[in-house]
Amino acid sequence: MKQDKIRMMENAISSDYNNMVGMVIMKDGAVAYENYFKGCTAESRIHVFSVTKSIVSILFGIALDKGLLESIDKKVLDFFPDYTVKRGEKTIQNIRIKDMLTMTVPYKYKFNPYTKYFTSTDWVKFSLDKLGGKGTIGEFRYAPIIGPDILSGILAKVTGQSVLEFARANLFEPLGINVEKNITFDSKEEQMDFYKSTSMNGWVADPAGTNTAGWGLTISPVDMAKIGQMYLNKGVWNGQRIVSEKWVTESTTEKTRWKKLNLPYGYLWWIGEKDGFAAMGDGGNIIFVSPEKNMVVAITSLFYPRAKDRIEFIEKYVYPIF
């Protein structure tokens, strides 16, 4: 019976979710299922898009635990004393780290100015220039790429390291995750190749050397499952405390809601209506954590516009098996 359900799930992957390239399921602390598709293997590294945001959230928790950051109630501009605020602008002066973590800050752009962002030399400053305006702090506005890099800039300031160096020492290496290097682009073609690649190991950085916060990390589903299991264990991996239980609970508790889609949001983590929480990235990349079922589901996918909902996939195909 179980094998029949697994076969049904894999048939659904090949027909309806065919941009999926890897899946690892952990149940009761052990790997219960691991499989790869479309020529990918356990060695493949996939760009997981906005799953990167949830990793950055974990790093803020670690920075707080270590006393490198006093509070997420600190104003964003406190960390950029050399930044010149344009005359008459008040909103940006009141934005806190917490507002950035909950995606409740306004931006000056209506449509994402991707070309100008990607061709600028400092993505943190570019994001600061777009922050604020006439919008209201406290209203949910999801910023996929332009904006979150401000958080990377803050992490680099308070830790005295690049985001990758800090993550490597305090998160990746303790979990046995290998993220090799900064990835930079010299052309649009290189960037397009990165989106399609299954072998680049690293974290995208801007020309100034600051790692991205909203996208740009490449990892495997095993890596993602480890991160999910650590969060399921309230911040502990193999008996080692990685991040405080307090931060795990706070970051995965609803702080705001994307009313348009009725989706609850914590600190760069999506919160389930029925159970659990998730790190979700474009194209169908996800770390889904279910405390109720003591389960973690990690899925990597190659980018595909309007990919089918992975939560629905998990509820329809994974839950009945495990």
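Me: Before anything else, what counts as a contact here?

Reply: A contact means heavy atoms within 4.5 Å. With that in hand, the chain as a whole can be read; note that the model is predicted. Among contacts between residues at least 6 apart in sequence, 64% join residues at least 24 apart.

Me: How many helices and strands does the protein chain have?

Reply: The protein chain has 11 helices and 14 strands. Its radius of gyration is 19 Å, close to the 20 Å that the globule rule gives for 322 residues, so the chain is as compact as a globular protein of that length. Along the principal axes, the C-alpha atoms fill a box of roughly 70 × 45 × 40 Å.

Me: Which residues touch the most other members of the largest nonpolar core?

Reply: The largest one here has 86 residues, and Phe60, Leu171, Phe172 and Trp203 touch the most other members. Helix α2 (residues 51-65) gives this core its largest share, eight residues. There is also a second, separate core of 23 residues, with Phe288, Met295, Val297 and Ile321 among them.

Me: What happens at the two ends of α5?

Reply: At the start, a side-chain oxygen of Asp122 reaches to within 3.1 Å of the backbone nitrogen of Val124. Just after the helix, Gly132 takes a positive phi of about 95°.

Me: Is α9 mostly covered or mostly exposed?

Reply: Helix α9 is mostly covered, as 11 of its 12 residues are buried. The buried set includes Pro221, Asp223, Lys226, Met230 and Leu232. In length, α9 (residues 221-232) reaches 16 Å from its first C-alpha to its last, close to the 16 Å expected at 1.5 Å a residue.

Me: Which residue just after α9 has a positive phi?

Reply: That residue is Lys234. As background, most residues other than glycine have a negative phi. Phi of Lys234 is near 60°, a positive value in a residue other than glycine. Lys234 lies in the loop between α9 and β7 (236-237), and it is partly exposed, with a relative accessible area of 38%.

Me: Where is Lys38, and what is its phi?

Reply: Lys38 sits in the loop between β2 (30-36) and β3 (46-47). Its phi is positive, about 55°, although Lys38 is not a glycine. The cut-off for exposed is over 50%, so Lys38, at 57% relative accessibility, counts as exposed.

Me: Is Thr102 buried or exposed?

Reply: Thr102 is buried, with a relative accessible area of 5%. Its place is in the loop between α3 (97-101) and α4 (114-118). Leaving out residues up to four places away in sequence, Thr102 touches Phe140, Lys255, Thr256, Tyr265, Gly266 and Tyr267.

Me: Which polar atoms does the side chain of Thr102 reach?

Reply: The side chain of Thr102 reaches the backbone oxygen of Asp99 at 3.2 Å. It also makes a polar contact with the side chain of Thr104, at 2.8 Å.

Me: Where is Asp309, and how far is it from Gly283?

Reply: Asp309 is in the loop between β14 (295-301) and α11 (310-318). Asp309 and Gly283 are 26 residues apart along the chain, and their C-alpha atoms are separated by 9.3 Å. A polar atom of the Asp309 side chain lies 2.7 Å from the backbone nitrogen of Ile311. At 37% relative accessibility, Asp309 counts as partly exposed.

Note on methods:
Residues numbered from 1 in each chain as written. Predicted model: local features only at pLDDT ≥ 70, side-chain atom pairs only at ≥ 80, totals over all residues. Heavy atoms only, no water. Helix = DSSP H or I, 4+ residues; strand = E, 2+ residues; numbered from the N terminus. Expected span 1.5 Å × (residues − 1). Buried < 20%, exposed > 50% of the residue type's maximum accessible area, 1.4 Å probe, protein only. Polar contact = N/O pair within 3.5 Å; in protein donor to acceptor, adjacent residues only side chain to side chain. Core = buried A, V, L, I, M, F, W, Y, C linked by side-chain atoms within 4.5 Å. Rg over C-alpha atoms; globule rule 2.2 N^0.38 Å.
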